[in-house]
Each structure stands twice: as C-alpha cells, then as structure tokens.
Amino acid sequence: MTPGSSAAGSGVVVPRNFRLLEELERGEKGIGDGTVSYGMDDADDIYMRSWTGTIIGPHNTVHEGRIYQLKLFCDKDYPEKPPSVRFHSRINLTCVNHETGVVDPKKFSVLGNWQRDYSMEYILTHLKKEMTSPQNRKLVQPPEGTFF
C-alpha cells in the first residue's frame with residue numbers, strides 16, 4: 001500500500017480535510033501490530049491541526065517497552081508540507097533536538113524529503129524504524145516518564 005491516501009498515485013488531489021478524516025479513521029482503527037497509534041487532540045477543532053502520536057519502543061533496543069508520546073501539528077498547508085513533529089516524552093535520537101524534542105527535518109529524511117502521499121502513520125512508523133538504526137538502538141536514554 002502507498003504511504004498515504006488511498007487516492008495517492010491516481011492523479012486525484014484529495015482535499016486537506018478529507019485526507020485528515022481518512023488519517024483519523026486509520027489512526028482510530030489501530031495500525032499494524034499496535035506499536036504505533038495517533039489521534040486528534042481536540043475533536044472540536046474543525047481544522048484538524050493538533051494530533052498526538054504514540055510509539056512503543058521496538059524490541060532489542062534501549063527503547064524496548066518504553067511508550068513515547070509525540071505531538072504532530074498539521075498546518076493549513078498539510079499535506080503539501082509536512083506537519084511539525086515534536087516528542088513530548090524525552091528521548092535521545094540523532095534526529096531529535098535534545099532541548100526541545102523537535103524532530104529535525106534536516107536529520108529525518110521523511111520530513112526533509114516530504115511527499116504529499118506521506119502520512120502521520122508513515123512518519124511514526126519511520127521514527128520507530130529510526131530507533132532500531134545502528135546509531136540509535138543503544139544510545140543512553142533519559143529516565144522513563146520524563147518530558148520535554
């Protein structure tokens with residue numbers, strides 16, 4: 001399946017809110033093995049801007065069993081431009097600013113090389129994959145339960 005919308009690749013440009021409703025539905029159903037999830041922060045926000053994502057750390061890494069909370073903000077130009085992504089839970093990853101928790105697009109190619117058919121699910125699953133990379137899988141982590 002393509003990274004984002006079911007209309008991806010068909011030449012049809014799905015309006016922003018339809019796209020976000022589709023993502024909301026996927027997020028509510030649960031994704032894959034359940035180690036990545038996301039949903040809206042405020043059901044009354046008609047612009048569907050503020051989202052919370054959750055990643056459960058992958059096995060055989062220092063992240064195993066940890067639950068990471070993230071904030072994703074989809075501005076008015078999403079999905080043409082990527083959302084801003086910030087870890088709420090403290091984490092030590094090479095693509096995350098250690099002071100703010102912001103995922104740096106220069107160090108995380110999914111954001112840096114954004115394509116319209118990418119989705120929040122795609123971002124979260126690739127951040128989880130980033131946790132398994134050689135440069136991140138054994139990095140010393142902040143105490144569990146601490147936040148930016």
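**Loops and cysteines**

Modeller: Here it is, and keep in mind that this is a predicted model. A place to begin is Asn 60, which lies in the loop between strand 2 and strand 3.

Biologist: What is the phi of Asn 60?

Modeller: Positive, at about 60°, although Asn 60 is not a glycine.

Biologist: And is Asn 60 buried or exposed?

Modeller: Exposed, with a relative accessible area of 63%.

Biologist: Which loop is Met 48 in?

Modeller: Met 48 sits between strand 1 (36-40) and strand 2 (50-56). Its phi is near 50°, again a positive value in a residue other than glycine.

Biologist: Is Met 48 buried or exposed?

Modeller: Met 48 is buried, with a relative accessible area of 6%.

Biologist: Switching to prolines. What is the peptide bond from Tyr 78 to Pro 79, cis or trans?

Modeller: That bond is cis, with omega near 10°. Pro 79 belongs to the loop that runs between strand 3 (67-73) and strand 4 (84-87).

Biologist: Now the cysteines. How many disulfides are there in the whole structure?

Modeller: Zero, from a search of the whole structure.

Biologist: Is Cys 74 buried or exposed?

Modeller: Cys 74 counts as buried, at 0% relative accessibility. Cys 95 is also buried, with a relative accessibility of 0%.

Note on methods. Residues are numbered from 1 along each chain as its sequence is written. This is a predicted model: local features need pLDDT of at least 70, side-chain atom pairs count only at pLDDT 80 or more; totals for chains, interfaces and linings use all residues. Side-chain values use heavy atoms; hydrogens and water are left out. Helices (H or I, at least four residues) and strands (E, at least two) are DSSP runs, numbered from the N terminus. Buried means under 20% relative accessible area, exposed over 50%, partly exposed in between (1.4 Å probe, protein chains only). A disulfide is a pair of cysteine sulfur atoms within 2.5 Å.
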